[in-house]
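I wanted to find my way around a structure I had not seen before. These are my notes, in the order I looked things up.

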Amino acid sequence: MAPPCSPRRPISAPCFLICFLLGFVAGLFFFAHRHLHLDHQLPLPSAPEAVTDPHPLPPPAPKPAQPKLLLVVTPTRARPLQAYYLRRLAHTLRLAPSPLLWLVVEDGAATPETAALLRGCGVMYRHLSSPAPEPPQEPRRRRQDLPVDSRARRRNAALDHIEHHRLHGIVYFADETNVYSLDLFHHLRQIRSFGTWPVAMLAPGKSKTILAGPVCNGSRVVGWHTAEKTRSLHRFHVDMSGFAFSSTMLWDTNNRAHQAWNYIRLLDTVKQGFQVTTFIEQLVEDETHMEGIPAGCSKIMNFHLHMEDRDLLYPKGWQITENLDVVIPLNQEGSTRV
Ligand SMILES: *[C@@H]1O[C@H](CO)[C@@H](O)[C@H](O)[C@H]1NC(C)=O
């Protein structure tokens with residue numbers, strides 16, 4: 001049957017040897033297999049015995065280290081440049097190493113526009129909506145009253161989802177308006193419990209670039225870059241897109257700073273600038289529980305540009321169904337006269 005042993009030709013010496021060896025190995029294999037089977041019937045030996053077991057059996061195949069699942073949380077809302085931002089982030093995530101689950105959380109009800117975009121994006125995703133839609137208020141008044149960021153509520157909805165389904169992985173808040181390098185997604189998987197890194201950003205006035213995040217010696221956080229005016233009031237100077245943490249911290253009280261708290265969530269009642277530090281304070285006690293990534297924290301891996309559009313109109317479904325009010329007629333006079 002073996003290809004070198006054609007039945008028509010006389011069997012040469014090397015061929016005979018090969019066939020003999022094949023048969024021998026097959027016999028050994030059968031013996032080993034039966035032996036293995038018998039061993040399985042016996043009570044399992046304790047672990048140290050198993051290590052010193054002189055049997056030539058192959059050790060139980062070590063489980064290949066599963067790459068950690070990245071849980072990328074993106075709050076979004078229907079607005080003119082939503083399609084642009086979401087598509088750009090989807091393209092980045094599509095190139096990022098899998099496994100990656102993209103949790104896209106919309107304000108209020110999920111919109112068909114976002115659903116359509118996500119269906120075609122080629123990334124594993126979950127389309128969520130935040131449970132309590134904001135009561136419609138006049139936006140200008142609300143902004144004056146209390147500068148609360150409604151994205152906190154949407155990020156919390158994603159945390160609810162992760163905790164409820166016990167999704168094990170590294171949670172990262174990736175806002176759609178930021179720009180990310182692929183390096184970042186590789187480094188996120190190195191995080192054991194809480195990782196942070198510096199983020200380059202345009203200052204809100206867009207007049208200068210600033211850096212927010214850790215100063216490190218190796219992976220130890222030894223200080224902070226910041227340009228905040230309220231720096232003395234912040235405990236940790238981290239951007240929302242400048243940290244990631246293990247999802248088990250949400251439900252395993254031994255893994256986090258505040259063991260008595262039931263829920264680790266963003267506080268949507270604090271001003272936007274304080275949301276990150278108040279959230280991180282729930283997770284870690286101090287800098288010694290943080291990992292600066294990559295070692296030295298010398299790499300800028302994402303950019304926070306503070307690019308926002310406000311209150312502009314955009315066509316429903318990104319489709320124009322009606323002509324504009326003014327249609328400029330084609331200039332036919334000029335062409336007929338000449
Ligand atoms: C970094 O840490 C090492 C070991 O802890 C220490 O010897 C060294 O002086 C530190 N470097 C700086 C610049 O602080």
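Which residues of β4 are buried on one side, and which on the other? I found Ile 170 and Tyr 172 on one side and Val 171 and Phe 173 on the other, and all are buried. My cut-off for buried is 20 or more other C-beta atoms within 10 Å of a residue's own; exposed is 12 or fewer, partly exposed is in between, and the C-beta atoms are placed from the backbone.

**Ground rules.** I am reading a predicted model, where local features need pLDDT of at least 70, side-chain atom pairs count only at pLDDT 80 or more, and totals for chains, interfaces and linings use all residues. Residues are numbered from 1 along each chain as its sequence is written. Strands (E, at least two residues) and helices (H or I, at least four) are DSSP runs numbered from the N terminus.

**The seven-strand sheet.** I traced an open sheet in the order β3-β2-β1-β4-β10-β6-β11, with mixed pairing. Strands count as paired if DSSP finds at least two bridges between them. At the edges I noted β3 (125-129) and β11 (291-292), each of which pairs on one side only. Helix α4 (residues 112-119) packs on this sheet and touches β1, β2 (100-106) and β3. The direction of α4 makes about 170° with that of β3; axes are lines fitted to C-alpha atoms, for helices over the stretch in contact, and angles run from 0 to 180 degrees between N-to-C directions.

**Strand β1 and its partners.** β1 (residues 70-76) runs parallel to β4 (residues 170-173), joined by four bridges. With β2, β1 is also parallel, over seven bridges. I looked up Val 73: its bridge partner is Phe 173 in β4 and Leu 103 in β2. From β1 the chain crosses through helix α3 (residues 82-95) to β2, a right-handed β-α-β crossover. Right-handed means that, with the strands pointing away from the viewer, the path from the first strand over the helix to the second runs clockwise.

Why is β1 largely enclosed by the rest of the structure? It is because seven of its seven residues are buried. Leu 70, Val 72, Thr 74 and Thr 76 point one way, while Leu 71, Val 73 and Pro 75 point the other. In a regular strand the side chains alternate between the two faces of the sheet.

β4 pairs with β10 (residues 243-246) in the antiparallel sense, over three bridges. Val 171 stands opposite Phe 245 there.

**The core.** The largest nonpolar core has 53 residues, and Leu 71, Val 72, Val 73 and Tyr 172 have the most contacts inside it. Such a core is a set of buried Ala, Val, Leu, Ile, Met, Phe, Trp, Tyr and Cys residues joined through C-beta atoms within 7 Å. Beyond four places in sequence, Leu 71 has contacts including Leu 101, Leu 103 and Ile 162; a contact means backbone-placed C-beta atoms within 7 Å.

**Confidence.** pLDDT is the predictor's confidence in each residue, from 0 to 100. Its mean over the protein is 78, and 66% of residues reach 70 or more. Confidence is highest in β4, at 98, and lowest in helix α2 (residues 47-52), at a mean of 43.

How values were computed. Two residues are in contact if their C-beta atoms, placed from the backbone, lie within 7 Å.
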